[in-house]
Amino acid sequence: MGSGYLILAGAIMLFSWMVSSKLKSKFELYSKLQLRNGMSGAEIAEKMLADNGITDVRVISTPGQLTDHYNPADKTVNLSEAVYNHRNAAAAAVAAHECGHAVQHSIGYEWLTMRSKLVPIVSVASNYVQWILLAGILMIRTFPQLLLVGIVIFAATTLFTIITLPVEYDASNRALAWLENKHMLTQEEQAGAKDALKWAARTYVVAAIGSIATLLYYISIYSGSRRN
């Protein structure tokens, strides 16, 4: 694919690794900051849902690390075992963030609705797009339309990463506002929760930037082939 792609891919991977490492260190730090109110992540989540009048969403424990997510299909807030059971600032931040998505769902937040509609498309596209792009590059002189098809499909996945940004930032803002307004945390705990969510959001920024840069790279290849 050329040195240009390797440099781009290397830069994106390095940036992603740096942000992920920083996120991990932040969560390790704030996992040691025990909550003065003694509430677990599960209890935080259940209270936030109740305070927002949401009664049809269950809070459940899911295996693994960083597996926390809200599932709009079955209306469940899925918290990793560490977040579900632990009573620290990191767990409170994650639990409240995932409930932020539940609040978005309950009020019909438009960006979440858009992202949900793209999920089936992206799920299928992600399995095949890299192979289509690779084949398109190899056949650029004989069948350039194949690369164009790959670019269109990849554009859909890029759009998904872009739409994810307001969804994630809004969920964090809702979480932090609720934690502060309900006086759930001390000032130190609130600052830790805010910092942890800030770095979590940056992983999505990195993903979006990487996807946009990669999309532009493939477009440049296609445009160059058309000029030739």
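**Helix packing**

In this predicted model, helix 5 (residues 110-138) packs with helix 6 (residues 144-181) at an angle of about 145 degrees, their axes lying 7 Å apart; axes are lines fitted to C-alpha atoms, for helices over the stretch in contact, and angles run from 0 to 180 degrees between N-to-C directions. The crossing of these two helices is left-handed, and the residues of their contact comprise 23 nonpolar, five polar and two charged. Helix 4 and helix 6 have axes that come within 7 Å and cross at roughly 110 degrees, and therefore these two helices are roughly perpendicular to each other (a term for angles of 65 to 115 degrees).

**Helix 4 and its ends**

Helix 4 covers residues 89-107, and its 19 residues reach 27 Å from first C-alpha to last, close to the 27 Å expected at 1.5 Å a residue (1.5 Å times one less than the number of residues). Of these 19 residues, 16 are buried, that is, under 20% relative accessible area with a 1.4 Å probe and protein chains only. At the start of helix 4, a side-chain oxygen of Asn88 comes to within 3.2 Å of the backbone nitrogen of Ala90, while after the helix comes Gly108, with a positive phi near 70 degrees.

Residues are numbered from 1 along each chain as its sequence is written, and side-chain values use heavy atoms, with hydrogens and water left out. Because the model is predicted, local features need pLDDT of at least 70 and side-chain atom pairs count only at pLDDT 80 or more, whereas totals for chains, interfaces and linings use all residues.

Methods. Helices (H or I, at least four residues) and strands (E, at least two) are DSSP runs, numbered from the N terminus. Buried means under 20% relative accessible area, exposed over 50%, partly exposed in between (1.4 Å probe, protein chains only). A polar contact is a pair of N or O atoms within 3.5 Å; within protein, one must be able to donate a hydrogen and the other to accept it, and residues adjacent in sequence count only if both atoms are side-chain atoms. A crossing is left-handed if the near helix is turned anticlockwise from the far one by less than a right angle, and right-handed if clockwise. Ala, Val, Leu, Ile, Met, Phe, Trp, Tyr, Cys and Pro count as nonpolar, Asp, Glu, Lys and Arg as charged, and the others, Gly among them, as polar. Angles under 35 degrees count as roughly parallel, over 145 as roughly antiparallel, 65 to 115 as roughly perpendicular and the rest as oblique.
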